[in-house]
Amino acid sequence: MQFIDLGRQHALIADEVRTGIDAVLNSQKFIMGPQVSELEEQLAAFAQTCHVLTCSNGTDALILLLMAYGVGPGDAVFVPTFTFFASAECVSIVGATPVFVDVQPDTFNISVDSLTQAINRVKAEGVLRPRGIIPVDLFGLPADYDAISAVAKEHGLFVLEDAAQGFGGEYRGRRAGSLGDVAATSFFPAKPLGCYGDGGAVFMDDDELFERCKSIRVHGQGTDRYDNVRLGMNGRLDTIQAVVLLAKLKLFADEIEARNAHAADYTERLADVLTVPTVPSELRSVWAQYTLTAADEAQRNAIVGHLREQNIPVTIYYPKPVHLSTAYRLLGYEPGSLPTSEQLSRTVFSIPMHPYLTNGEIEAVTQAIREAL
Ligand SMILES: Cc1ncc(COP(=O)(O)O)c(C=O)c1O
């Protein structure tokens with residue numbers, strides 16, 4: 001059994017991908033071939049945003065947006081600590097300071113109370129200038145954007161949705177990618193919509209910001225190709241990756257349905273023995289991960305040990321919240337400072353989740369968990 005079985009998905013698109021890659025080889029348009037803009041149009045239609053720009057990966061997508069906003073030294077950007085490192089790393093890379101915020105124990109997403117406290121603390125200290133918030137759609141579930149946007153508006157901050165795991169999810173009738181002022185996603189192969197290498201995209205409605213992003217994606221290019229008007233990056237998506245994503249997009253709506261059906265099945269089979277993931281009403285997860293919460297660390301480790309003995313793939317996302325990572329020691333966060341995230345790091349584990357799970361596999365995973373308990 002695979003944690004994420006990309007082989008079963010590939011069997012469905014293999015011919016289309018080969019034909020598409022052959023077309024790229026024949027055209028020799030490896031960079032910015034027409035498939036890239038075709039993909040950008042389809043992604044914008046899917047996410048219901050005015051503009052989409054594809055790019056090299058999800059981390060560069062986040063950096064590109066922060067650069068477009070002009071975020072830099074002296075700026076504070078508020079980030080949940082229970083996330084993948086890149087959600088915060090992007091802030092430091094542009095020279096600004098991530099201010100870590102705790103999450104909700106049930107949805108694993110940014111806590112609006114903790115966010116408000118962090119903003120007020122930074123304002124009272126008067127050292128950093130609050131600029132923006134990066135809510136993360138963790139494990140595929142959108143964060144609470146109505147509440148977050150109200151806080152952002154009150155304090156004059158931008159909202160950058162980190163939809164690296166959330167693309168394909170929904171919040172009150174709106175699609176992930178359209179939930180903040182701007183959004184970033186990742187097409188890393190294991191993501192709900194993944195390519196066959198690295199890839200990413202940014203989403204927005206703002207025309208001016210979009211023009212800046214286009215320029216930054218190609219070394220700050222101006223209208224004259226060799227007169228660069230600002231500093232940028234080499235952040236383009238390869239044409240071959242666009243071919244893969246165009247083929248996978250055709251399956252995506254059905255895959256989201258399948259992921260939701262499998263998640264409902266897991267929940268039905270496990271809700272009486274463990275804390276199953278919460279999906280608030282009017283929200284839809286794309287189930288990048290299906291993550292359970294054990295009663296305590298000992299119980300979590302016993303379950304994980306038993307699953308591994310049975311050759312059932314299991315992963316801990318995330319064993320350490322970002323504020324306690326070695327790289328951020330210099331910011332001086334103490335253990336216990338963001339307690340919900342720290343407790344989740346001790347108690348969560350994720351089980352196999354992808355659209356092509358079989359009933360037999362779901363039965364085997366849930367049976368092994370029940371045995372362990
Ligand atoms: C929440 C989150 N943000 C950002 C990223 C960065 O994406 P990438 O690996 O494509 O750079 C990832 C994925 O790895 C992620 O899970």
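Predicted model: local features only at pLDDT ≥ 70, side-chain atom pairs only at ≥ 80, totals over all residues.

Residues are numbered from 1 along each chain as its sequence is written, and side-chain values use heavy atoms, with hydrogens and water left out.

**Stop 1: a sheet of three strands**

Select β6, β7 and β10. These three strands form an open sheet in the order β7-β6-β10, with antiparallel pairing. β7 (174–175) and β10 (283–284) stand at the edges with a single partner strand each, so one side of each has no neighbour in the sheet. Helices (H or I, at least four residues) and strands (E, at least two) are DSSP runs, numbered from the N terminus. Two strands count as paired if DSSP finds at least two bridges between them. Strands of a sheet pair through backbone hydrogen bonds, either parallel or antiparallel.

Now look at β6 (residues 170–171), which is joined to β7 by two bridges. Select Glu 170 and you will find Arg 175 of β7 opposite.

**Stop 2: β11 and β12**

Select residues 290–293, which are strand β11; this strand pairs with β12 in the antiparallel sense over four bridges. Leu 292 stands opposite Phe 349 in β12.

Is β12 covered on both faces or left open? Both faces of β12 (residues 348–351) are covered: Val 348 and Ser 350 on one side, and Phe 349 and Ile 351 on the other, are all buried. Buried means under 20% relative accessible area, exposed means over 50%, and partly exposed lies in between (1.4 Å probe, protein chains only). In a regular strand the side chains alternate between the two faces of the sheet.

**Stop 3: salt bridges**

How many salt bridges does a search of the whole structure find? The search finds 16. A salt bridge here is a side-chain nitrogen of Lys or Arg within 4 Å of a carboxyl oxygen of Asp or Glu.

Begin with Arg 8 and Asp 5, whose closest N and O atoms are 3.0 Å apart in a salt bridge. Arg 8 is partly exposed, at 30% relative accessible area, whereas Asp 5 is buried, at 11%.

Next select Glu 40 and Arg 217, whose side chains meet in a salt bridge (3.0 Å, N to O). This pair links distant parts of the chain: Glu 40 is in helix α2 and Arg 217 in helix α7, 177 residues apart. Glu 40 is buried, with a relative accessible area of 11%, and Arg 217 is buried as well, with 6%.

Then select Asp 272 and Arg 370, which form a salt bridge of 2.9 Å, N to O. Again the pair links distant parts of the chain: Asp 272 lies in the loop between α8 (239–270) and β10, and Arg 370 in helix α11 (residues 359–372), 98 residues apart. Asp 272 is exposed at 56% relative accessible area, while Arg 370 is partly exposed at 37%.

To finish this stop, select Asp 146, Arg 172, Arg 174 and Glu 282. Salt bridges that share partners join these four residues, Asp 146, Arg 172, Arg 174 and Glu 282, into one network.

**Stop 4**

Met 32 lies in the loop between α1 (6–27) and α2 (34–47) and is partly exposed, at 37% relative accessible area.

**Stop 5**

Most residues other than glycine have a negative phi, and most peptide bonds are trans.

Select Gln 28, in the loop between α1 and α2. Its phi is near 65 degrees, a positive value in a residue other than glycine.

Last, select Tyr 317 and Tyr 318, which are joined by a cis peptide bond with omega about 5 degrees. Tyr 318 is in the loop between α9 (297–309) and α10 (339–347).
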